Amino acid sequence: PHEMIPRTEEDKQVRAESILDIFVTEFVQDKRVLDVGCGEGHMVQSLINRGAQIAVGFDLKKEWKFSSYEKGVWTTNLEEIKKYAPYDIVIAYDVLDHVQVVNPYELLHEIKNVLSPSGRFYIRCHPWCSRHGGHLYDRINKAYMHMMFDETEFLRLYGIAPPFTMNLINPLDVYRDWIKATGFIINRETIIRKELEDFFKNLHPILKEKLDSHNVDMSNLEIEYVDYVLEKTKLDEQIF
């Protein structure tokens, strides 16, 4: 729905507030919180507004909507993240499917090293095989478009290249492997699904051929998001 796509600064701040309301199932007041892949920084601002002891936003982009101060920090520097550790809460909302500079295993290890022994790590994954996994909805708002055309076709037809997303066709297996391999414990796994419309079950032969070329199980096309709450094992040692 078009009304769910944030476009204004007000919309983006409301989205950040909503993410905290729905996604982070604990109070953030007086907590030390890290937002990995913080984008323009609205979530950090929301955390500060809710009384976080300190909120740190990390992303690779060079510009922020806000300026750092005592309780709020926006940075591209991994060492600065470590300076404020350990964190009671770490958030990675729609991040793991898009990492390029490091691989997901490295990122998860880095996060585990800055998470407090009793801390929780909240992850939302938005798999490539989901209906809007190509992140094109703010420009081409059609489901599964990223699976119908390759990058060359997008450039020719629409003049854009799709944002980078790892092409995971069995996302649940991959996510669980990442988590297990990095020593986290799954406190909660929530799979959000949406039943495929008949249109996608009976595609035009040309479109069906394009979709079939990815070898994606139809049940995985129903996955919208996968949410995790992770914890550390008691044997893990902190490395700052």
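How many helices and strands does the secondary structure of the protein chain come to? The answer is ten helices and seven strands, where helices (H or I, at least four residues) and strands (E, at least two) are DSSP runs numbered from the N terminus.

This is a predicted model, in which local features need pLDDT of at least 70 and side-chain atom pairs count only at pLDDT 80 or more, while totals for chains, interfaces and linings use all residues. Residues are numbered from 1 along each chain as its sequence is written, and side-chain values use heavy atoms, with hydrogens and water left out.

**View 1. The whole chain, to get our bearings.** Along the principal axes, the C-alpha atoms fill a box of roughly 55 × 40 × 30 Å.

**View 2. Arg 124 and Asp 227, a pair between two strands.** The two side chains meet in a salt bridge (2.7 Å, N to O), that is, a side-chain nitrogen of Lys or Arg within 4 Å of a carboxyl oxygen of Asp or Glu. Arg 124 lies in strand β5 (residues 115-125) and Asp 227 in strand β7 (residues 223-232), so the pair ties together parts 103 residues apart in sequence. Arg 124 is buried at 13% relative accessible area, and Asp 227 is buried too, at 12%.

**View 3. Arg 131 and Glu 197, a pair between two loops.** Here the side chains meet in a salt bridge of 3.0 Å, N to O. Arg 131 sits in the loop between β5 and α5 (145-148), and Glu 197 in the loop between β6 (184-193) and α8 (198-201), 66 residues apart. Arg 131 counts as buried at 5% relative accessibility, whereas Glu 197 is partly exposed at 31%.

**View 4. Glu 153 and Lys 210, a pair between two helices.** The closest N and O atoms of this salt bridge are 3.4 Å apart. Glu 153 belongs to helix α6 (residues 151-158) and Lys 210 to helix α9 (residues 205-212), so parts 57 residues apart in sequence are tied together. Glu 153 is buried, at 17%, while Lys 210 is partly exposed, at 25%.

**View 5. A network of four side chains.** Salt bridges link Glu 26, Lys 31, Arg 120 and Glu 231 in a network. The structure holds 15 salt bridges.

Notes: Buried means under 20% relative accessible area, exposed over 50%, partly exposed in between (1.4 Å probe, protein chains only).
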